[in-house]
Every structure is written in structure tokens, then in C-alpha cells.
Amino acid sequence: MSQGQRNDNETDQRLQPLLGLVAVSAVLATVLSLLNTPRPPRSYDDLVMVLALILTITVSASVQAPIRIRSTTHAITWNDTAIVIGVAVAPTSWVVLCTGVSLAILSRVHRTPPIKAIFNISKNMLVAAAAGTTLTLVDWVWPPRGLDQMIGLVALAYTVAALVDEIVAMPVIALAARRKIRQQFSANWDLRLVGYAVRFVVAVLTLILLKVDVRLLVAIPPLALSLHLTYSTRVRARAERQAWQDLAHTTDALNVVDINAVLHTAVAQAANLFSADEVEVELRESRRTVRGNSETVTYDGFASQPSTVNGSVIPMEMKGYDGSHIGMLRLRFRGPVKLSEREQYTLRTFASALCTAVRNASAYAELNRVAEEHAHAAAHDALTGLANRRQLLDRGAEQLGQRRTEGVVALLLIDLNHFKEVNDTLGHAAGDRVLIQVAERLRGAVHGEDLVARLGGDEFAVLFHGLPAPAVAAHRAETLLTALHEPIELDGMRISVEASGGIAVAPSSGGMTELLRRADVAMYQAKRAGRRIATYAPTRDTADLGRLSLGGDLPRAVADHEFTVNFQPIVDLGSGEVVAAEALARWRHPARGTIDPLRFLETVERSGLLPAFAEAVLDQSLIAVNTWREAGFDLPVAVNVSPRSLLDARFPGSVLARLRAHDLPPDRLVLELTETLTLSQLEVVDQVLGQLRDAGIQLALDDFGTGYSSLSVLSRIPVHELKIDRGFVTAMETSAEATAVIRSTVDLGRSLNLSVVAEGVESEPQRRALWELGCAAGQGHLFARPMPAARLLAALHQGAGGRPGTLAPALHDEGAVVRLSPGRRPGPRRAERLPHLPA
């Protein structure tokens, strides 16, 4: 059963007891009136009186001012006038019975519904009994003696009749109209009061004329008719004025921007405005139907269901100002209803206002949808649907402001390893599908309040919120990266996704920008160390804010020669003889003292002073080589090359010019390249390296074995020397894997006719183990720390054990026979590392 049916049934159930009470009261009143005035009509005059009463009451009941409530028409009649006149001139029982007969005849003629007929007859019989009983109680006798007495007593009887009429009729009308009884009593009370006064005057005048001369009654009908027309006109004017006010209020209520509010308001307001049992609004474009009454919406959906209100349906098309069809508005009534001309015009006006409101709300909804799409696009990644950098920064800033009460905030930065190979091999469409699946896995693995974002390319971020302790971030990060470990199915292929992650806990200052920077630092630390996850450590952060201020000091540093070079010797592991030196730059800052290259090299590389810095370092290195040669120690020098220098086609010419300026052969210079150098894929880099090698300059591959593609880099770069990373040397005493890497590197160098140098030699056991594995040369604190060129020259003169040119005793006595590992070669005449040599 629908909501509308329930409401109607509830109304009927509440009306039935009240109507039954009225009917029973009418029967009791009739019985009492018969007991009080039992005299039946006996003479011809009595019969004439009865017929006159029936005719008068019938005529007075036929003169009506109709008022429609839903499908039922209620009327303001002259019944009370005829009844009061009747009880004044005839016995009460006659008037009560004549009232019932007259109204029964009218109900039959007009085919009034039974329930309405019973109520109307019962109510008026009660009014007649009340008025007659009142006159009986005051000893009324017709004709009365004096005019004043007549007017007073008739006024009393009429007042009682009017009160009974109001008390009986108003609750029934209020229930039928679904209004409050108090509200029904207060509605148009002034018009009702005027109507009672007019009808009372007519009743009094009629009784006066009957007393004076019956022939004067011919003046009553014209008077009553004129008064009735005047009163009806006022009632209609009041009703129309109220209708226009209600229409204005209704159209104002439609002035909202939410389409649901518009439709629901239209249903309720139209039900009140047109006193309809049900109102239905059907939209053409969306096929949406909203149906209800003044109290509630009974249906709202897109699959239209039939209405349960059977009877009259008054449709009205909703047309736009351009003639377009928006939908239909339907008024439903349970009985036959025909709208007046004024109501039809009101309906057209309401439909037009509703059409405008629907269009405005639809336009607003579309604008709101577009705005939401733009807001979503501004805060989300278009490919994966994850949050983007902007939303990450905004959410992070918000959470950083709440962290004192909401727990620890941490950020995980994730970068996919070798993702470029997926794009290059399978195409960008396949790469996009991989990114989408990675996003789905991350989204499914995070906790409810954690935010997953894509920052661009193959870089993702996860913002952890409300952590109980910083260590929990590492545990969650491990879970997330484990979720990416499972292979991804792509066109029948299984692709493994590897990722590196950096974790940073929210700093005390710097906000999200600093948190993002720290996570980025940690992520690249993980990549460089070959680990899956790294946590940010301030001691390993070489990109602090203080370094930024160094950029402004660079021009002065180059002009004032603040950059100096120290040298660390490279030693033949077997004999202890120095075979080369690596140059390391230092910045002697006048205010900050000595600054390590890790703190200023990146700033130099990004500045426009890179070539000048490189020439200054190269000049000092080549000057040292000449100094050592003049003293009898012909040692080459090794200098690290910045990747940016290899992008400059002028770099080989600049290096050769410096060699010529210092009158040194090219093979006295070794340029060290980073093994993880990705720029080697570029054509200009290949050309620069080819020119350097062709000119006779030696090339070394630094930190060999720590990158992702050592062999592929080695096959492209024409190097002469491999340098084993210090991490393997440190771990070789406890790690079989590290020893295996060193042995493989030595064998590879032997196969390719390349020299091999071990970095980070700190102890004699390490030196001997390296030598026994076939590594010919090494450098480290066992032999010497970095020192100025003059101090190194003094150390060479002094020698170890009185042997000039050596820094360590030999592993075997001179002239002894030593069984070497197969393929061992004497130590190379090479050098060690100098700060990056930029272009």
C-alpha cells in the first residue's frame, strides 16, 4: 500500500467515528424533539405549514456559495435562516423532520454521495433541534408580543444554531482537508460572521413581515437574493485573493536550486493550492516521476508506477519559453472535479513557474557537476584516479596541523624500477595499464585514513596519518611494497614490478615541502644502496637548506681560488708502491671553514659556473702531476667527471687544452665515470667519451657493481679501469657474496684487459685478501688519507721502510719466489678519485 493510500485511509478512519457521532446525535435530537412537541399536523392549515416548511428549507438549501475541498464540494447555504424561521412559527419536531425530508429530497436530486448526504442531513437536523429547543426553553410563543422580545429571542436561537453548525461542520471539513481544526476555525472567520449576520437579518425581517402582513413576504426573495449575491461575490473575491497569494507563495517556494527540493516542493504546494488528492510531476528527459500529496511524497523514481488515486485527472503540459516540452503536471482527484476558469489559469501559471524552476535547478546541477569534475580533476590523477601532488600537499598540510592530537604523520615515496623498459618494449599503453594496476594494489593495501597519490610518471606517494609511533611507518611501507611484488598479468605476460621506497617522518618545521624532500632523499638513498626501503636520516642528507645559500658564494669562491684539491694515493697491493693518486676537491669557505664536496657539488653542477669550477680543479690536479714528475715520481691523477659535463660537446677540447697548457701527455689523466650513469644512453655522451678515449685520456668506471646494469654500461663506455666499490671491500671478511662480486670483477677485468682498483682498503687482512683474489691495486686509509700535493710528495720521498715511492711494506721479500693466482698482473699506473670534474 502506498503512502497516499495510507493517508487517505487514515483520514476516512478518523472521519467515520465523527460522522457516526453526528448521525446518532441527530437521531437522539429528533426523538427528544418529538417527545417535547408531540403534536402531529391535524388540520389543512397544519399540512400547508408542513409543505411550506419543506419548500422553504429546500429552496434555502439550493441557494449555495460552493467551496471545493479536494473532490468534494462544500457549500455555504441559507439553511440556518429557513430553520430559525421554521422553529419560530411551527413546532420543533415538525421543523426537524421537514429539514430531514427536504435535504433527503435534494440529495436524491443532486445524487449526493451517501456519506455526505447523511452528514448534511444529520447536521441540519441537529441545528433545527438546537434552535427549537432554545426557543422552547425561553417559552417562545408565536406570534410574540413585542418586537424587542422577538428580536432578542430569535437572536439567541440563531446564535445557538450557528454555534452548533460551526462545532459540527468545522472538524469534519478540517479532517477532510487534512488541516488542523483550530486553523479551520480561524480561516475566513470574518466572512462567516458576516454571512451569519446577513442571514439573521433576513430571518428577523421575514418573521416581522409574517407578523405584520403575510402579503409583504413578496419582498423577502429579492432582498435575500441580493444579499446572497453580494455575499457570494465577497466570498469569491476573498477566495481569489487568497488563491493569488497562495500562488505567489508557491512560486517563491520553488525558487531553490536543488532539483529534488523543486519537485518535492511542487507536489506538496500544488496539492494545497488546488486542493488535490494527489499531484504528479513527470519529467520528459530524465523519465523521472514524483508523486505525492500535501503531506508527503509517495513515489519518486524512474520506472513510473501507476497511481492509486482513481477519479478525475487534470493534466497540464510543462512547456519552456522556447516551446520545448519539459514534462507533465497532473492533478488527481478521487471524485469528479472540474476546475473553474480562475483555477485553470492558476494551474497554467503554476506549471510555467515549475518549468522555469526545473530548468534553473537542472542548469545549476549541471554547473555543479562540471565544477565538481573540475575540482576532482584538479585534485586527482587522470590516469589512476589517485590523489595528485596538489591534494597530497593540501591533505598533508592539514594533517600536519593536527598531528599533536592525531598522532605521527609520515610519507612514503615510491619509485618503480626499470619502468622505462616497459614503455620502451611494450609501449606507453601497456605502461599505463601497469601504473593503473600498481595504483589499485596500493589503494587496496593502505589503511582507511592513509592517502595514496601519484606524483607523476612512475612515482607514487602514501601519506600515513595517525601513526602511534614512527617505526610503524616502516612496517606499513614494507606491506605496501610487498603488495607490488606479485607479477602483473599483461597480454598473457607476467611482468614483475620492483620498486624503491623512501620514508620520512614529519619534521618539526618546513611543512609538507620539507617532508616531501626528505622522503625523496630517502628514496634515492634506497636506490643507491640497492635496498627496497630506506628511512630518512639527517646524517646522510646532503641537501639541507643551508646548502642553498652556498650558491650565492660560488662566483666569489671561483674568483678568489677558494677551491683546493687534496690527493689520496693508489697503491700496488703487493709491493706497497704508489702508482697513482685520486684528486678530491675541498672548499675553503672564509666563514664556514672547509666544506665537503658532497655538500656543494650539486649546487655547482646546477649553476652557470660549472665549467670554471672544473677548470680550476683540473688545473690544480695537473700542476700536482708536474710537481711530482719533476721530483721523479711519474704518477697519473684521477678526476671524477660530472654527468653534466658529458652533455657538453666542448668538454673534450677543454680537457685537451688544459693538458697542453701544462705540457702533459693525455695518458697522465684518468677521468672517472659513475657506474650508474644513465646519460650514457645519449648520443652526445657517446661522442664525448669516444673523443676522450681517442685522444689517449684514460677512463675509469667508478663504484662498479652497485648499479642495476653494470655489464650493459660497461659495454657502451670505452673504459680502461674498473674500481670496486668500498662497500664490497668492507663486507668481504663476513660476506661470501661480497667476495664473489670482487672475484667476478677481477676476472672480468682480466678478460677485458682492464685494470682493477679496490676502494676503501682499511686493514692488512683486506689488503692481503684482495691481492690473493687477483686485485692488483687499492686505495684507502690503510695507506693514506687525502692530503695536499706537497704533503703527498714528502710522503713519497720518505717512503715506507726507507723505500721512496712506497706507502706500505711489501707482502713478500724482494727477490722471493711467490706463487701468484693465475693471470695476476702487476699493479696499474693509475690514479684515485678527485671531485666531479664538471664541464
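Strand β13 (residues 498–505) is largely enclosed by the rest of the structure, because six of its eight residues are buried, where buried means under 20% relative accessible area, exposed means over 50% and partly exposed lies in between (1.4 Å probe, protein chains only). Helices (H or I, at least four residues) and strands (E, at least two) are DSSP runs numbered from the N terminus. The model is a predicted one, in which local features need pLDDT of at least 70 and side-chain atom pairs count only at pLDDT 80 or more, whereas totals for chains, interfaces and linings use all residues. Residues are numbered from 1 along each chain as its sequence is written, and side-chain values use heavy atoms, with hydrogens and water left out.

Two strands are taken to pair if DSSP finds at least two bridges between them. Strand β8 (residues 408–417) runs antiparallel to β13 and is joined to it by eight bridges, with Ile414 standing opposite Gly501 of β13. Strand β14 (residues 533–535) pairs with β13 in the parallel sense, over three bridges, and here Thr535 of β14 is the bridge partner of Ile503.

The aromatic contacts were examined next. A pair of aromatic rings is described by the distance of the centres and the angle of the planes. Rings of Phe, Tyr and Trp (its six-membered ring) pair if their centres lie within 6.5 Å, and planes under 30 degrees apart count as stacked, those over 60 as edge-to-face and the rest as tilted. A search of the whole structure finds three aromatic pairs. In one of them, Phe563 and Trp587 form a tilted pair with 5.1 Å from centre to centre and 40 degrees between the planes. Phe563 lies in strand β15 (residues 563–572) and Trp587 in strand β16 (residues 578–589), so the pair ties together parts that are 24 residues apart in sequence. Phe563 and Trp587 are both buried. Another pair, that of Phe567 and Trp628, is edge-to-face, because the ring centres are 5.2 Å apart and the planes stand at 80 degrees. This pair links distant parts of the chain, since Phe567 belongs to strand β15 and Trp628 to helix α20 (residues 610–630), 61 residues apart. Phe567 is buried, with a relative accessible area of 1%, and Trp628 likewise counts as buried, at 0% relative accessibility. Ring pairs also link Phe563, Trp587 and Phe613 into a cluster.

With a disulfide taken as a pair of cysteine sulfur atoms within 2.5 Å, the structure holds zero disulfides. Among the cysteines, Cys355 counts as buried at 2% relative accessibility, and Cys775 counts as buried at 0%.

Charged contacts were assigned where a side-chain nitrogen of Lys or Arg lies within 4 Å of a carboxyl oxygen of Asp or Glu, which defines a salt bridge. By this rule the count comes to 27 salt bridges. One of them joins the side chains of Glu280 and Arg291 (2.6 Å, N to O), and this pair links distant parts of the chain, Glu280 being in strand β3 (residues 278–283) and Arg291 in strand β4 (residues 289–292), 11 residues apart. Glu280 is buried, with a relative accessible area of 4%, and Arg291 is also buried, with a relative accessible area of 4%. In helix α11 (residues 341–379), Arg369 and Glu373 are four residues apart and therefore separated by about one helical turn; the closest N and O atoms of their salt bridge are 2.4 Å apart. Arg369 is partly exposed, with a relative accessible area of 35%, and Glu373 counts as partly exposed at 43%. A further salt bridge is formed by the side chains of Arg494 and Glu489 (2.8 Å, N to O), in which Arg494 counts as exposed at 56% relative accessibility, whereas Glu489 is partly exposed, with a relative accessible area of 42%. Salt bridges that share partners join Glu278, Glu280, Glu282, Arg291, Arg330 and Arg332 into one network.
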